[in-house]
Amino acid sequence: MKTKETQDAVWKAVILRGRQALRQPLVATIFGLLVGAAVILACGQNPIEVYKEMFEKSFFKPYYLFSTLTRATPIIICAMATGMSWRAGYINLGVEGQMVTGTLVATVTALFLPGPPVLVAIIAWLAGMAAGALYALLPSVLAWKFNVSMVITTLMLNYVANYITSYFVTYPLKDTSGDGLALQTPEIAAGMRLPRLSSTSTFNAGFIVAILVVVFMVFITRRTVFGYESKMGGFNPSFARYGGTKQVKVMLITMALTGAIASMAGSAEVFGLKYRYADSMLSSTSYAWTGLQAALIAGLDPVGMFFVSIFLSGLQIGGSAIQRSLGIPLEIATIIQCCITLFVSVKVVIRFVKKPKAVKEGGKQA
Amino acid sequence: MNSAYIASVINSTLRSTTPILLAALGCAMCSRVGVFNVALEAQMLIACFTSIAVNYFTSNVLLSVLAGVLSGAVVGAVVAILQVKYKAADMVVGTALNLLVGAITTFLLYLVFGLRGKLVDNRLVSLGKINLPVIKDIPFLGRVLENLTIIDYLSYIIAIVLFVYLFKTVAGFRTLSVGINKSAAESLGTKATRIQMEMVTLSGALCGLGGVVLSMGQVTMFTENMTSGRGFIAMAASSLGMAHPLLVIASSLFFGLCQGIGLALQNVVKAQLTNTLPYIATIVALVIFSKRNSSAKLKK
């Protein structure tokens with residue numbers, strides 16, 4: 001009897017926690033969509049019609065749903081990478097650079113390493129993860145040894161990675177077959193590609209990789225000592241030190257994992273969708289930044305990030321659909337998602353600042 | 001390496017310095033009042049777009065500059081409201097605003113002009129170029145100061161004005177006191193929150209002016225995300241200059257020099273590689289000056 005009561009209490013707590021965790025992003029999403037509606041109105045269109053088309057062509061028709069999930073794959077993985085470092089209190093804006101570097105290394109390995117395709121593909125993914133991890137370790141070591149702000153260094157390294165990969169794709173690695181105009185590498189061998197999961201679309205096994213990464217994140221954050229130490233470091237550094245956490249070690253492992261995960265986002269794109277590395281294919285699509293926003297909207301909770309990533313990628317797929325049909329620029333999707341993030345950020349305050357005045361003002365403002 | 005070549009590198013250094021200097025001054029003012037403003041990039045980019053858009057429709061340089069500065073200040077005010085008034089997390093607000101402005105400018109570029117990527121047009125008027133009467137005939141110096149805009153000169157004057165304001169006036173002392181200890185300043189009757197919001201808005205205006213130079217100075221055009229990380233380089237400049245307006249001039253000149261050298265090297269080395277120079281230099285500079293920097297380092 002008693003155990004049942006405790007069980008009930010636990011369930012109640014879980015549901016309550018879930019409700020509280022969900023309320024903020026949901027309210028913020030509604031406000032974000034309202035801002036989007038105002039923008040659509042300003043463009044001289046009917047917001048309800050536009051949203052109807054937008055969601056129809058992102059979630060409700062199978063073809064578009066598959067596109068949404070395909071696009072969500074790298075976004076989910078980037079969100080996990082962002083979540084990994086931000087949870088631990090390391091403001092890493094460099095997921096893009098880590099992804100780009102790792103992916104280029106993975107592609108090069110896949111192109112030039114001889115051997116049985118499946119084995120080469122596995123080695124390529126691992127090599128990419130190692131490269132991503134090293135690229136993420138660079139700013140961490142600078143922060144540790146020289147106390148250099150990781151915010152700036154990680155962001156600077158994005159530009160460095162983008163320019164250098166662009167150099168490689170434009171000159172030494174360029175595919176010279178065909179007209180040779182496109183800035184891209186040759187295709188990777190057929191045996192290395194991830195299988196397609198749908199015969200009518202490009203939906204591929206990369207999505208399964210993304211789910212595995214989510215499972216890994218859930219496991220590591222909720223079930224391991226490392227996850228606890230890492231989170232404590234971000235939550236309250238002095239408490240973590242008091243509890244005997246070795247901060248430097250935790251930081252280096254956290255950032256290495258971040259970089260490794262980030263590289264998988266790009267590898268999934270290359271091995272599952274494009275089969276080659278094309279210039280700025282990972283930066284112009286702003287996967288990393290969408291992932292970052294998903295992470296922020298979901299409050300860095302792995303399962304939350306998974307669903308928010310899919311939602312945001314749906315907005316983008318819907319956005320490009322309405323650009324084609326209604327002439328509203330697809331950036332409407334980005335505008336909506338940035339507003340959601342801003343509303344979430346204001347909401348977070350209301351929970352922490354307990355002054356009644358702040359609550360009232362915040363409520364009005366939001 | 002003759003003197004004419006050196007003069008032209010210095011010239012392009014001065015031109016590249018201005019946007020970074022203005023944004024770095026904005027950042028310095030924010031850190032002086034204890035606000036970590038990550039949205040510098042957004043404040044610059046919106047001004048790049050607004051000034052070019054107003055320029056396109058009015059062909060009036062003064063109006064475009066004012067519009068640019070104003071739009072930067074508006075984004076600054078948004079940062080002030082969210083971060084100072086509602087105490088929202090600085091990183092979240094900054095990142096979201098940087099992305100939001102990137103999206104808004106691209107959105108409007110397509111909606112208003114029907115263009116993707118960039119806006120170049122014959123009717124766009126660039127900022128007036130100044131060639132000082134006597135100096136332009138002096139061989140080396142003439143080339144160094146050739147074709148600079150009025151804002152290039154103005155930015156140094158602004159730095160000096162900010163220095164005088166912060167360290168030589170009572171209002172400046174009040175401002176500094178907010179950054180040192182907000183509650184102590186408040187207890188003495190200083191309107192700390194208001195000063196913070198004013199300074200963040202001011203940083204928006206300064207970044208706005210920097211954005212205007214970027215889009216109407218050396219070139220007269222708007223390109224998507226044309227600020228390309230300058231807001232963050234400015235953050236590094238402000239941090240290296242320990243948020244002191246005069247030291248910020250020196251650190252900004254260093255980053256300007258890196259861009260100048262990068263441009264000069266483009267004839268020898270592939271552009272993709274020289275383009276990385278300012279970013280790598282930023283990291284190297286932060287590392288080299290890290291010890292001295294640790295007392296006034298950024299919050300995160």
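Author: Start with a helix pair. In α3(A), the residues A:Y64, A:S67, A:T68, A:L69, A:R71, A:A72, A:I75, A:I76, A:A79, A:M80 and A:G83 meet a set in α12(A). On the α12(A) side, those are A:P302, A:M305, A:F306, A:S309, A:I310, A:L312, A:S313, A:G314, A:Q316 and A:I317. Keep in mind that this is a predicted model.

Reader: How do the residues of that contact divide into nonpolar, polar and charged?

Author: The contact of α3(A) with α12(A) has 13 nonpolar residues, seven polar and one charged.

Reader: And the geometry? At what angle do the axes of α3 and α12 of chain A cross?

Author: Roughly 135°. The axes of α3 (residues 62-87) and α12 (residues 302-326), both of chain A, come within 7 Å. α3(A) is therefore oblique to α12(A); the cut-off for roughly antiparallel is over 145 degrees.

Reader: Is the crossing of α3(A) and α12(A) left-handed or right-handed?

Author: Right-handed.

Reader: Zooming out. How many helices and strands in chain A?

Author: Chain A has 14 helices and zero strands. Along the sequence, the pattern is α-α-α-α-α-α-α-α-α-α-α-α-α-α.

Reader: What share of chain A is buried?

Author: 51% of its 366 residues. As for sequence range, take the contacts in chain A between residues at least 6 apart: 74% of them join residues at least 24 apart.

Reader: Now the core. Which residues have the most contacts inside the largest nonpolar one?

Author: A:I77, A:C78 and A:M80. That core has 203 residues. Helix α9 (residues 192-216) of chain B gives the most to it, with 14 residues.

Reader: Pick A:C78. What does it touch, leaving out residues up to four places away in sequence?

Author: A:C78 touches A:V95, A:M99, A:A262, A:A265, A:Y287, A:A288 and A:G291.

Reader: Switching to the interface. How many residues of chain A and chain B are in contact?

Author: 39 residues of chain A contact 40 residues of chain B. On the chain A side, the elements that give two or more residues are α5 (117-146), α6 (150-170), α11 (287-297), α13 (332-352) and α14 (356-365).

Reader: Which element gives the largest share of that side?

Author: α6(A), with 12 residues.

Reader: How do the residues on the chain A side divide: nonpolar, polar, charged?

Author: There are 27 nonpolar, 11 polar and one charged on the side of chain A that touches chain B.

Terms used. Residues numbered from 1 in each chain as written. Chains lettered and ligands numbered in written order. Predicted model: local features only at pLDDT ≥ 70, side-chain atom pairs only at ≥ 80, totals over all residues. Contact = placed C-beta atoms within 7 Å. Helix = DSSP H or I, 4+ residues; strand = E, 2+ residues; numbered from the N terminus. Nonpolar A, V, L, I, M, F, W, Y, C, P; charged D, E, K, R; others polar. Buried ≥ 20, exposed ≤ 12 C-beta atoms within 10 Å, placed from the backbone. Axes fitted to C-alpha atoms, helices over the stretch in contact; angles between N-to-C directions. Parallel < 35°, antiparallel > 145°, perpendicular 65-115°, else oblique. Left-handed = near helix turned anticlockwise from the far one by under 90°. Core = buried A, V, L, I, M, F, W, Y, C linked by C-beta atoms within 7 Å.
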